[in-house]
Amino acid sequence: MKGGFLRNTSLVGAMTLLSRVTGLVRDVVYSTMFGAGSLMDAFLVAFKIPNFLRRITGEGAFSQAFVPVVSEYRLKRTPEEAAELVAGVTGTLGTLLFLVTALGVVGAPVVILLFAPGFETEGARYELAVEMLRWTFPYIFFISLTALAAGVLNSYGKFGHAAFNPVILNLVMIVFAAFVAPSFEQPGLALAIGVFVAGLVQMTLQFWNLRRIGMLRMPRFAAAHEGVRRVGRLMLPGIFGSSVAQISLLLDTWIASFLVTGSIAWMYYADRLVEFPMGVFAIALATVILPGLSAHHAEASKERFNATLDWALRLTLVISLPAAVGLLLLAGPLIATIYGHGKFEARDVQMASYALMVKQLRVLAMRHD
């Protein structure tokens with residue numbers, strides 16, 4: 001059991017490492033080309049809003065509800081029934097996401113005020129954020145359906161396909177930031193368009209992978225389907241839990257919108273370094289063990305379920321705690337070496353370093369609790 005999980009964790013970890021490395025390159029391009037000014041503040045808010053919803057409807061509550069159900073269908077039902085479940089969930093979720101996306105695009109001015117009310121005092125930054133959000137908000141539609149396809153692929157043991165998906169976003173954004181944005185009168189708008197394009201490409205490729213394993217059917221609205229209803233019921237407590245966690249993270253942005261220009265960007269660059277070790281190992285491990293835990297639950301194997309969870313928690317602690325200490329002690333040199341180029345000035349290095357140290361102190365306090 002552990003050998004299989006270790007192999008899959010290594011595969012997902014390698015893909016996730018590639019995504020983190022390309023993500024780091026993307027962030028270096030951001031810091032070099034745009035620094036930590038009003039353009040980055042506006043873009044980060046416009047991108048964070050669909051990411052906030054994605055972590056609820058995509059990798060959050062939805063994946064936690066959908067993967068156990070599709071894993072059970074794979075073990076106990078026919079392949080056709082499993083494919084019909086996927087089609088029903090895709091059509092139902094897709095319809096709801098389309099409505100949410102339409103509301104978000106139309107109501108972009110109000111949404112920006114809800115998530116970054118401090119922008120209202122700076123008309124130019126507010127207007128730019130609104131214009132960007134109209135391009136970035138559809139990302140929630142694309143990436144949530146991408147997460148659905150990834151959940152199916154993971155349940156069928158195809159971890160590499162889904163794990164490679166974030167690399168696509170990074171590569172597209174590098175191209176748009178480094179080569180497309182300089183030709184735009186408003187470079188920030190090019191970044192927002194890049195998010196839209198990246199989401200569309202990610203969704204298309206993952207559905208192509210579903211087709212390759214024979215799990216792609218015409219999506220249909222099927223709210224009455226037994227499996228779809230089960231996913232919906234399981235999502236409700238997950239939505240509440242995910243929302244509480246994500247809202248607490250959004251408070252940083254909400255408060256920073258009232259502070260000096262660059263505050264949101266400084267926190268972003270610090271967050272990216274905090275998430276690097278988490279993404280390479282912890283998230284990779286969580287991705288791998290979820291289908292296994294779901295299968296053990298479906299088979300009523302309490303001993304194997306507990307053993308898998310205990311092993312994963314111990315391994316996560318062994319890796320994450322030293323990483324947190326290292327980031328705390330080396331915050332300044334890391335920020336200066338990685339981001340201190342081009343338009344990312346000395347003051348930006350100093351402020352981003354402070355943000356990184358505070359975040360790592362909070363991480364260590366949480367580990368201690």
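Helices H4 and H7 are roughly antiparallel to each other, because their axes cross at roughly 160 degrees, and angles over 145 degrees count as roughly antiparallel, under 35 as roughly parallel, 65 to 115 as roughly perpendicular and the rest as oblique. The model is predicted: local features need pLDDT of at least 70, side-chain atom pairs count only at pLDDT 80 or more, and totals for chains, interfaces and linings use all residues. Residues are numbered from 1 along each chain as its sequence is written, and side-chain values use heavy atoms, with hydrogens and water left out.

H4 spans residues 79-106 and H7 spans residues 139-155. Their axes come within 9 Å. The crossing is right-handed. On the H4 side, the contact (heavy atoms within 4.5 Å) is made by Val 86, Val 89, Thr 90, Leu 93, Gly 94, Leu 97, Phe 98 and Thr 101. H7 contributes Ile 140, Phe 141, Ser 144, Leu 145, Leu 148 and Val 152. Ten of these residues are nonpolar, four are polar and none is charged.

H4 also meets helix H5, residues 108-115. Here the axes come within 5 Å and cross at roughly 85 degrees. H4 and H5 are therefore roughly perpendicular to each other. Gly 104, Val 105 and Val 106 of H4 touch Ala 108, Pro 109 and Val 111 of H5. This contact divides into five nonpolar residues, one polar and no charged.

Across the whole protein there are 15 helices and zero strands. Helices are DSSP runs of H or I with at least four residues, strands are runs of E with at least two, and both are numbered from the N terminus. Of the 369 residues, 51% count as buried, meaning under 20% relative accessible area with a 1.4 Å probe and protein chains only. Among contacts between residues at least 6 apart in sequence, 84% join residues at least 24 apart.

The largest nonpolar core holds 90 residues. Such a core is a set of buried Ala, Val, Leu, Ile, Met, Phe, Trp, Tyr and Cys residues joined through side-chain atoms within 4.5 Å. Tyr 30, Met 40, Phe 43, Phe 66, Ile 112, Leu 191 and Tyr 269 touch the most other members. Leaving aside neighbours within four places in sequence, Ile 112 contacts Val 45, Ile 49, Pro 117, Phe 119, Tyr 126, Ala 129, Val 130 and Leu 133.

His 225 lies in the loop between helix H10 (187-212) and helix H11 (226-256). His 225 is buried, with a relative accessible area of 19%. Not counting residues up to four places away in sequence, His 225 touches Tyr 73, Leu 85 and Arg 220.

Note on methods: Axes fitted to C-alpha atoms, helices over the stretch in contact; angles between N-to-C directions. Left-handed = near helix turned anticlockwise from the far one by under 90°. Nonpolar A, V, L, I, M, F, W, Y, C, P; charged D, E, K, R; others polar. Buried < 20%, exposed > 50% of the residue type's maximum accessible area, 1.4 Å probe, protein only.
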